Amino acid sequence: MLEHCTPWPEALAARYRAQGYWRGETFPGVLNERIEQHGERLAIVSDTRRWSYQALGAEVERMAAGFHALGIGAKDRVVVQLPNCAEFFAVIFALFRLGALPVFALPAHRRFEISHFFQHTQAVAYVIADRHAGFDYRSLAGEVKAGVPSLRHVLVLGEPGAYRSLDDLPRLAGELPPPPRPGDVAFFQLSGGSTGTPKLIPRTHDDYLYSIRASAQICQLSAESVYLSVIPAGHNFTLSSPGSLGTLYAGGTVVMCAHPSPEVALAWIARERVTITALVPPLVPVWLDAVKSLKPDLRSLKVVQVGGARFSSDMARRVTQELDATLQQVFGMAEGLVNYTRLDDPLDVILHSQGRPISPDDEIRIVDDDDQPVALGEIGHLLTRGPYTIHGYYQAEEHNARAFTSDGFYRTGDLVRLGLDGNLVVEGRAKDQINRGGEKISAEEVEHQLLAHASVVDCAIVAMPDAYLGEKSCAFVIRQDESVRGIDLIRFLRERGLATYKIPDRIEFLARFPKTGVGKISKKHLRQDIEARLAAASTNP
Ligand code: OOB
């Protein structure tokens with residue numbers, strides 16, 4: 001395996017091969033097979049493209065040759081930050097072909113996150129769109145480039161400005177290097193994070209393709225399936241659960257929706273006869289309201305998946321009542337484990353649980369604070385190990401010692417309960433994270449940034465309830481200088497290049513923090529404090 005990655009112990013790896021989970025497939029191999037089987041069928045649709053499997057293959061070949069000519073090769077890291085577009089797949093399959101490793105940045109990431117990905121992985125190239133959603137990624141590339149010596153190529157979809165256009169890659173006559181092997185790391189996913197810096201998740205061809213293949217089966221995908229990709233394409237949910245890659249695996253069609261607004265997305269569903277899509281909880285009521293007012297033709301839609309954050313049973317019920325499609329709850333993580341309610345589960349399971357794992361070899365432990373198993377049905381920490389769950393983050397030895405047990409179980413940080421029917425219910429979270437409508441914020445990461453302000457003596461960030469997003473972030477701050485206002489701190493964070501979703505939604509100043517028995521800041525009391533303030537404000541507006 002790649003340096004600084006933790007391989008599966010040989011005994012487990014042998015088991016996963018023997019059980020047929022790891023079949024020795026690779027992404028380039030799968031794409032070639034699909035081109036042979038489904039060459040003429042429609043693979044990808046976007047605002048500007050309509051590619052058959054053959055056309056996708058031709059673009060992948062062109063880009064692979066171009067990247068190779070630029071000197072991008074096996075194990076080179078490439079930060080890919082594209083909106084939902086057809087070219088996303090041409091780029092990543094071209095990188096897969098060369099054995100180069102995409103790092104899937106989110107469109108919302110800014111200088112702070114992107115620079116960190118480059119510094120942490122020594123990435124050699126950066127693939128961006130010219131502009132998206134009012135933001136110019138070329139100027140971000142300029143800022144990042146200034147501080148990152150490893151960055152050799154900025155490749156732009158659209159108007160390249162000072163850089164090179166993806167349409168204008170050098171041509172290469174001659175041979176490409178050999179394709180990657182099934183056990184090789186294929187790319188890096190990003191961890192939601194609960195530490196000072198975002199962690200990177202190495203996923204192999206074998207392990208990811210197993211999760212994709214099994215997910216496609218659970219979701220009953222076929223060559224007739226049409227998947228609408230609404231949330232960011234590089235996120236594990238939309239990419240693999242079963243997502244766009246599961247759809248391509250099944251020989252179906254992926255529709256890339258560049259904006260998640262219901263007007264745009266619902267029109268795609270009607271136009272392309274979409275059969276399945278995936279949403280985060282905050283999008284659900286917005287979509288349901290839009291369906292009522294716009295009355296789009298949704299007859300093709302069979303499955304609506306919801307996951308990424310807590311989803312209330314009431315809202316789940318609304319989906320089942322207001323859409324003529326099957327709701328599927330998805331509880332997954334970029335580190336691996338994904339749980340689904342099954343399409344033929346009783347309504348009760350679909351409404352009230354987050355489903356069960358993909359694999360018979362996904363091992364689940366639910367434990368108390370001392371790592372001892374809780375009684376069946378009790379709430380505890382979820383630990384897991386299995387054929388597509390990592391055993392370590394990239395280059396993070398110290399953190400890995402805490403995030404994994406000595407026998408290789410990943411500590412998810414989620415508090416769950418196992419129902420008698422074998423389905424998991426997510427009850428809460430022990431990790432120091434805010435889940436802002438599916439976007440994960442590490443409290444510690446943002447606290448570090450705030451502490452860099454000269455007037456911040458101490459700070460603590462906690463989740464506060466929000467009717468629309470489920471949670472928002474609130475920063476409690478002890479300041480040195482009374483004249484410093486919340487707005488000054490927000491401006492400060494923006495200037496440090498932090499992604500907008502990580503900027504605290506609210507800032508409260510305190511003179512001192514409530515402490516726990518052992519003298520640590522009591523985030524529990526801070527959460528109660530902000531909840532009380534919100535409740536008081538709603539009763540005395
Ligand atoms: C997905 O992946 P990540 O890596 O962005 O976030 C994982 C975390 C989980 O540990 C859990 O805390 C939370 O997101 N989460 C849920 C949830 N699904 C994820 N919390 C409550 N209910 C759910 N249904 O978010 C992800 C990856 C693959 C598929 C789906 C989601």
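Reply: Axes are lines fitted to C-alpha atoms, for helices over the stretch in contact, and angles run from 0 to 180 degrees between N-to-C directions. Keep in mind that this is a predicted model, where local features need pLDDT of at least 70, side-chain atom pairs count only at pLDDT 80 or more, and totals for chains, interfaces and linings use all residues. Residues are numbered from 1 along each chain as its sequence is written.

Me: How are H11 and H12 oriented to each other, roughly parallel or roughly antiparallel?
Reply: Helices (H or I, at least four residues) and strands (E, at least two) are DSSP runs, numbered from the N terminus. Helix H11 covers residues 283–294 and helix H12 residues 313–322, with axes 11 Å apart and an angle of about 30 degrees. H11 and H12 are therefore roughly parallel.

Me: Is Leu-415 buried, exposed or partly exposed?
Reply: Buried takes 20 or more other C-beta atoms within 10 Å of a residue's own, exposed 12 or fewer, and partly exposed is in between, with C-beta atoms placed from the backbone. Leu-415 sits in strand E21. It has 17 C-beta neighbours inside 10 Å, so Leu-415 counts as partly exposed.

Me: Which element gives the largest share of the shell around the ligand?
Reply: Strand E16 (326–333) is one of the elements that each supply at least two shell residues. Five residues, the largest share, come from E16.

Note on methods
Angles under 35 degrees count as roughly parallel, over 145 as roughly antiparallel, 65 to 115 as roughly perpendicular and the rest as oblique.
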